[in-house]
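This briefing goes through aromatic ring pairs, charges placed over rings, and a domain interface. Keep the sequence and the 3D view open while reading.

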Amino acid sequence: MDFDQCLSDSVPTLYEGNLSLVSSKPNIKELLVESACEHNKDKKGSCNAPKPGATTGGCALDGAQIALFPFADAAHLVHGPMSCVGGAWETRLTPTSWSGRDLTQTGFATDINNNDVVFGGEKKLAAAINHIVANYAPEAVFVYSTCVPAMTGDDIDAVCKQMSEKHGTPCVPVHAPGFVGAKNLGSRIAGEAVLRHLIGTKEPEYTTPFDINLIGEHNNTGELWRYRHLLEELGIRVLSTFSGDGRISEIRTAHRAKLNVIVCAKSLVSMTRKMQEQYGIPWISCSFYGKTDTSASILAIAEALGDADLIERTRALIAREEARLEEQLMPYRAIFAGKKAVLNTGGNKAWSIASALQDLGIEVVATSVRKSTEADKAKAREYLGENAILMTEPASQQAKVIDDTGAHLLLAGGRSLYTAIKKRIAFTDVNQEKKKSYGGYDGLLVLAEDLKNSLQNPVFELVERKAPWQK
Amino acid sequence: MAEVRRKSGKPLQVNPHKLSQPMGATLAFLGVDRCMPLMHGAQGCASFTKVMFTRHFCEPIALQTTAVNDVIAVLDGGDYSIVESIKNIRDKLIPELIGLYTTGLTETKGDDIRGVASKIDVPLVYVNTPDFKGGLESGWTLTTQALIDQLTAPGDRIDAQKLVLVPHVSMQPIEVEKLRELIEAFGFKVVAVPDLSSSLDNHLGEKQASLSSGGVTVAELEQLADAAFVITVGASVKPVGATLQAKNPAIQHRHFNHVSGLVGTDELVAWLLEVSGRDTLPAVVERWRKRLQDAMLDSHFSIGQTRFLLVAEPDHLAAMAASLREVGGKVTLAIATVDSPILTDIEADQVIVGDLEDAENMRDAYDMIIGNFHTEALAHRLEKKAVMRGFPNYEEIGGALKHDVLYEGGAYFLFEIANAAERMREAQVHREREQIKRQRIA
Ligand code: SF4
């Protein structure tokens, strides 16, 4: 699950401009009109164009990399200057079981200079690919375009084609220069590139009736590994993932799956929809956050595969896991009893984390619906109940909400830490999940431990104490 | 003198440590009080930069982008996106200064930011920092020059007590503060430009700041020209001396390549004695000099048997290598992010402009690594030890308060390195013992 990708506030920006700038393949206009963007219904195409001087969030390149980086057996070559990669490589855990060198954690960049801008960077790009293939023997090379070479018109497609033929290693052009839009669009472009250049280029050694692809599961903190073994225990085979702990050789066979499971990534709906058109693979959308959602998701997969015996075994497994979890959660119950939390985070986290908190017996008295889609809002209301406060301006509202509700805990991004300190209540950085996994059944235990530590930490009371000599 | 290789000769960077010019510009603008750095480019460059410095400093970072998209990229010469940005920023808050700087995209487009800036009547400083040229150091220096060039009023009067301090980009906030305190101890009033010592020094602020909080003020920048002295620390900022002198030729410029180690600090202190007209050191300075001398003796045995790889910005390399050399540390390899005139003066056997792939290929040349957090994984692969210094450091907290320079910081630095080297050797001994045990059993 990559919640960055789930944030509905990073719905794509307008891309109606000069398509020739982005020399080729994906029809970006088409990607944008994709109905996954709910805002599109009323505002044709132009939802959330980035506002100059008031824009946060990464660019398309960022999104494309997040989507593809977890392929540890592929090289990720950024054709661009150091702004695009200097601070950005090796920033995610994205663990892998790949036994070769972990190329996710290896930064490659052409570091284009003045010369490349004036005379073109294609030769340099080709030489860079040669270097990578010779020294790192990747299963594929993803070549990411960036703003400057997209402007100067480097023909990345031609270079990739030529290099693929020369080396017999797929070189996949990813046209996601930052000026085409935000992260979500980049994620779609990445999906498009994989669909166009990799999926369907290889046959699996064998197939089973229960082969699935996990789409949008990036295993950023090992969350895939919290439930993959449960699927396997049921005889459900993960044929490929896009792209957590992924393998290029597996994604190339993804067209033979019986079911696509989108894990919390709306931006990849276009990809699965196209796979349905091209290969007849149905898809469902799942979340593995908290007990309730994890159980529901595993059951949904079994039901979608449509085998009565499988469904029955799944129910048994869920019952077993929930009972086990319940027992392990016992010591926490007393600590969390009667505790109220305010949640300030974006998109579908507004309800998915809420659901996990409720699983722990914590009452979620308010959540943020800033920039949430209508569906997310409805879901938040459904999860939280009638009395909960849906904050539209959480930054200015949350302090008062804490007062009004007597909340004990604030879960939010780092920027809200000060509110918690001022109110002297416990704080948990929701972005911790970038470091450790809260996914699956066992992730709930990790979340419980972190929340317990927050609630019992004296620092929030102490840090802003007045010095004895202050009046 | 080092053997220097100024060009990598490779068509790419593998495991790069180089950072971009706009990143350097961002830091410089963050050293100005109540400033909003505004990066003119597509949104990603600002986002990557913001995320990097937020994680490095564990502090919120004020930074905005003109969010150039494809339509603007084609149709707009910068007027629209810059003017709109400033309007949108000022809808919410009124910065003392807007720091406008370009990226590769807007330079390739050929936006005339100077022209746009001339039409805008809010306090603004502009600078061209394409990311296909230079690096972190040059972005910092160009911005510092632009601040002085565009804000400082020319003058001909001199305040004999006033001194402008220009640190290089790799000096941590606490180091700038300690350097300022040292100079102040000689009776000077010091203005640091830029000044991260009060903005990114990990202090608990009043509230979550949306602008930089702390740093040199715009008013101070306007009145720099009556300083008696400007001192520049680090070869990359040397040209800033002339920039300030252009405002008042009577200002005296004194340059130091670094202020690290016994000799480097002595040089500064000797100069301070001379220009302040004093004949005795402040007692605390004297005391720290003695502590450093003792630290040198205590650490020489460990450091003297260690071969180092340094990975950093050129000025940072020069400073660290000097400290290590003084106690016999063998800097066998120094890898710089970019070319710089200082490279030939770095006290290392070999200095190259390169990346961490180069470091990996030359693994036999060194035992211990000092570099940014990427060297942690490198050390792990090579079964060596790394000590974290430089940008970015996502592995550790408290980097802004790491003090390596002057007598005091020099002592801390030597202790930390010597201890790390000892632990590294102990671990090696343990490994060897385990091996022997296993062989015996087998
Ligand atoms: S916006 Fe463009 S230049 Fe900036 S990081 Fe993204 S791709 Fe690179």
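**Aromatic rings, charges and domains**

Tyr332(A) and Phe336(A) are 4 residues apart in helix H13 (residues 308-336) of chain A, so about one helical turn separates them. The model is predicted. Counted over all chains, there are 15 aromatic pairs. A pair of aromatic rings is described by two values, the distance of the centres and the angle of the planes.

**The pair in chain A**

- The ring centres of Tyr332(A) and Phe336(A) are 6.1 Å apart. Their planes are at 15 degrees, so this pair is stacked, since planes under 30 degrees apart count as stacked.
- Tyr332(A) has a relative accessible area of 13%, so this residue is buried; the cut-off is under 20%.
- Phe336(A) is also buried, with a relative accessible area of 1%.

**The pair and cluster in chain B**

- In Phe188(B) and Phe229(B) the ring centres lie 5.8 Å apart, and the planes are at 90 degrees, so the pair is edge-to-face. Angles over 60 degrees count as edge-to-face.
- Which parts of chain B does this pair tie together? Phe188(B) lies in the loop between helix H8 (173-184) and strand E8 (189-192), while Phe229(B) lies in strand E9 (residues 227-233). The pair therefore ties together parts that are 41 residues apart in sequence.
- Phe188(B) is buried at a relative accessible area of 5%, and Phe229(B) is buried at 7%.
- One aromatic cluster is formed by Phe188(B), Phe229(B), Phe256(B) and Trp271(B).

**Charges over rings**

- In chain A, Lys379(A) lies over the face of Trp351(A), and its distance from the ring centre is 4.2 Å.
- In chain B, Arg55(B) lies over the face of Tyr394(B), at 4.2 Å from the ring centre.

**Domains of chain A**

- Chain A is divided into domain 1 (3-197), domain 2 (211-320) and domain 3 (330-462).
- How many residues of domain 1 and domain 2 of chain A are in contact? Domain 1 contributes 36 residues and domain 2 contributes 30.
- Between domain 1 and domain 2 of chain A, an area of about 2,700 Å² is buried. Carbon and sulfur atoms give 60% of that area.
- The interface of domain 1 and domain 2 of chain A has 1 salt bridge across it.
- Lys274(A) and Glu192(A) meet through their side chains in a salt bridge, with an N to O distance of 2.8 Å.

Key
Residues are numbered from 1 along each chain as its sequence is written. Chains are lettered from A and ligands numbered from 1 in the order in which they are written. This is a predicted model: local features need pLDDT of at least 70, side-chain atom pairs count only at pLDDT 80 or more; totals for chains, interfaces and linings use all residues. Side-chain values use heavy atoms; hydrogens and water are left out. Rings of Phe, Tyr and Trp (its six-membered ring) pair if their centres lie within 6.5 Å; planes under 30 degrees apart count as stacked, over 60 as edge-to-face and the rest as tilted. Helices (H or I, at least four residues) and strands (E, at least two) are DSSP runs, numbered from the N terminus. Buried means under 20% relative accessible area, exposed over 50%, partly exposed in between (1.4 Å probe, protein chains only). A charge sits over a ring if NZ of Lys or CZ of Arg is within 6 Å of the ring centre and within 35 degrees of the ring normal. Domain bounds come from an automatic or database domain assignment. Contact means heavy atoms within 4.5 Å. Buried area is the accessible area (1.4 Å probe) that two parts lose on being put together, summed over both. A salt bridge is a side-chain nitrogen of Lys or Arg within 4 Å of a carboxyl oxygen of Asp or Glu.
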